[in-house]
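These are my notebook entries on one protein model. I set down what I looked up, entry by entry.

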Amino acid sequence: MKKNVNRRNFIQTASLAAAGFYVMPFFASCKSDTSTRHPETVNKMNKDFIADLDLQLTALPSQTNIYPDSSTKTYSYRASIIKGSEDNLQNIEGSYLGPVIRVKKGDKVRVRYENQIPAESIVHWHGLHVSHENDGHPEHVISEGETYYYEFEVMNRAGTYWFHPHPHKHTGEQVYKGLAGLFIVSDKEEEKLNLPQGEYDIPVVIQDRTFNDNKQLQYLGDGQMDRMQGFLGEQILINGKIDNTLNLGANGKYRLRLLNGSNSRAYKLAWDNGEAITVLGVDGGLLKAPKRMSYLMLGPAQRVDVWLDLSQQSENSRIKLVHLPIPLDMMGGGMMNGGMMGNSSSNHLPYDTQFDILEINVGAFAENKDAQLPGELSSFNTLAATDAINKDNPRTFTFAMGGMMEWTINGRTYNGTEVAEEETVKLDTTEIWRINNGSQFSSDSDDDSGMMGGGMHGNGGMMGGQGGMGNMMQMPHPVHIHQLQFNILNRDADKVDDKLWEATKDGFINEGWQDSVYLLPGMQMDLIMRFEDYKGLFLYHCHNLEHEDMGMMRNFKIV
């Protein structure tokens with residue numbers, strides 16, 4: 001019974017931090033941009049929609065004892081079941097994160113989302129294949145006291161999905177304060193496997209946070225530099241827990257559902273005992289077969305399911321999940337450590353050092369020794385490049401710094417419901433999208449090229465460092481595409497810094513179905529996707545939440 005309590009306490013306090021990205025004085029008094037809001041499109045309840053699961057979900061201000069002796073101001077999602085089973089909902093007591101919603105493929109779900117925070121907000125169901133009205137587009141934000149009705153059928157494969165706010169300019173703030181939860185889908189294919197269930201199926205949400213002397217969440221302490229690089233915290237929280245320990249039973253076999261809930265930080269994850277990490281699934285569900293890796297790269301918003309077998313661990317032993325060094329702090333003459341953008345005095349955890357993520361204490365023997373890891377996990381078809389209507393001329397999207405010190409996609413920033421010609425696609429077609437992390441500036445910056453610095457290996461530039469501002473603005477971009485799951489066709493690293501690529505190349509997963517990828521500076525990737533079932537407006541963007549809030553987000557329209 002003791003192990004049940006340990007695991008339950010871990011989940012209950014754990015998910016606290018999974019959602020958080022910032023408490024920000026700069027934004028605290030700001031009203032969100034309402035220029036694109038269309039109240040008439042707010043969903044109303046459809047009485048003809050017969051829900052299998054009907055939930056009340058409320059966002060509200062809260063107080064959470066993240067530290068045992070202090071109360072921290074947070075935001076929380078609170079949920080209750082109107083119709084459904086107790087198994088559909090796991091409320092995380094003592095945590096500001098949550099809830100965990102568990103459903104089956106084919107379930108019809110209604111969520112009555114009530115906004116009680118003092119700001120406009122909306123909920124995005126990250127990774128789910130839903131209609132425009134159910135996707136949580138910024139044009140659908142509702143004010144304090146208003147309610148938005150989501151009604152959709154779960155069409156996704158079994159997998160680990162999540163939900164979080166998506167108001168333009170304020171996503172980072174609201175997620176940082178606590179608004180996020182997990183949305184876990186099962187299906188018949190997965191149920192045939194003897195994978196760990198119940199207390200052996202454990203969410204592990206990884207986040208970095210900074211607290212001030214009063215134990216309050218602190219965000220963007222370095223002002224503009226923190227916005228440009230993305231927020232990096234001073235300590236790691238697991239499911240909201242300061243004490244990052246998990247007590248598990250010897251001989252037990254576990255499924256760890258890892259979510260990188262940090263707003264900008266990526267992780268290079270490895271077991272400290274040198275054992276390989278065994279991956280079962282990614283964003284869009286189970287892989288065809290388990291994948292063993294010496295380490296794992298996990299960018300913001302990405303999920304992986306990891307198999308953990310403690311049968312070879314003795315009672316009272318311990319293993320750690322650690323972050324291994326990545327040479328990201330030195331990109332662009334020190335951009336991610338400050339550089340001339342302010343010579344940061346932040347105490348954030350440097351990328352190029354090793355630090356602990358999670359400690360597992362092995363206790364008394366567990367009871368699920370019969371759970372198995374099969375050689376074949378799933379059977380599914382991927383999309384073929386030959387079926388893409390643009391296979392000879394992929395759409396290209398460049399994520400880069402624009403001339404007005406703006407994070408842009410193809411030189412553009414987010415502008416309400418605006419859609420460019422190359423952002424319009426056709427229903428029931430398959431396409432290849434080529435995304436690249438470039439250093440070019442938009443055309444209005446051409447005259448400033450000398451001042452702003454050169455390319456990846458250039459010299460000079462007013463802002464100093466190797467390559468000047470052009471290089472300093474070479475940063476990773478975690479790219480997320482709404483509404484669909486895609487396959488990765490290739491990953492071109494020819495223009496990636498040699499040291500950075502050497503330190504990360506064995507940690508990427510190209511298999512399976514995914515909705516978010518970690519795009520290194522100079523990297524180019526071809527993604528193949530199919531537009532089906534729903535027409536309408538959807539987002540694609542950088543999931544570094546500071547970059548997203550600054551406008552590195554655009555619409556694509558399915559017609």
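Which residue in β9 does Arg-102 stand opposite? I found that Arg-102 stands opposite Ile-184 in β9.

I note at the outset that this is a predicted model, in which local features need pLDDT of at least 70 and side-chain atom pairs count only at pLDDT 80 or more, while totals for chains, interfaces and linings use all residues. Residues are numbered from 1 along each chain as its sequence is written, and side-chain values use heavy atoms, with hydrogens and water left out.

**Entry 1**

I recorded the terms before going on. Helices (H or I, at least four residues) and strands (E, at least two) are DSSP runs, numbered from the N terminus. Two strands pair if DSSP finds at least two bridges between them.

I looked up the two strands of my question. Strand β4 (residues 100–104) and strand β9 (residues 181–186) run parallel and are joined by five bridges. They belong to an open sheet of five strands, in the order β3-β4-β9-β8-β6, with mixed pairing. The edge strands are β3 (89–90) and β6 (123–126), each of which pairs on one side only.

**Entry 1: His-168**

I then turned to the loop between β8 (159–165) and α3 (171–177), where His-168 is found. Is His-168 buried or exposed? His-168 has a relative accessible area of 10% and is therefore buried; buried means under 20% relative accessible area, exposed over 50%, and partly exposed in between (1.4 Å probe, protein chains only). I also looked up His-137, which is 31 residues from His-168 along the chain. The C-alpha atoms of the two are separated by 9.0 Å.

**Entry 2: the sheet with β28**

I found a second open sheet of five strands, ordered β22-β21-β24-β28-β26, and its pairing is mixed. Because β22 (407–409) and β26 stand at the edges with a single partner strand each, one side of each is left without a neighbour in the sheet. From one strand to the next, the twist averages 20°; for such angles, axes are lines fitted to C-alpha atoms, for helices over the stretch in contact, and angles run from 0 to 180 degrees between N-to-C directions.

On β24 I noted a parallel pairing with strand β21 (residues 395–401) over five bridges, where Thr-396 has Arg-434 in β24 as its bridge partner.

**Entry 3: salt bridges**

Side chains of opposite charge can pair when their charged atoms come close. How many salt bridges does the structure hold? I recorded 24 salt bridges, each being a side-chain nitrogen of Lys or Arg within 4 Å of a carboxyl oxygen of Asp or Glu.

I looked up Arg-112 and Asp-54, whose closest N and O atoms are 2.8 Å apart in a salt bridge. Arg-112 lies in strand β5 (residues 108–115) and Asp-54 in strand β1 (residues 53–64), so the pair ties together parts that are 58 residues apart in sequence. Both residues, Arg-112 and Asp-54, are buried.

In a further salt bridge, Glu-418 meets Arg-554 (2.7 Å, N to O). Glu-418 is in the loop between β22 and β23 (424–425) and Arg-554 in strand β30 (residues 553–558), 136 residues apart. Glu-418 counts as partly exposed, at 34% relative accessibility, whereas Arg-554 is buried, with a relative accessible area of 1%.

Arg-102 is linked with Glu-190, Asp-201, Arg-255, Arg-257 and Asp-305 in a network of salt bridges. Within this group, Arg-255 forms a salt bridge with Glu-190, the closest N and O atoms being 2.9 Å apart. Arg-255 and Glu-190 are both buried.
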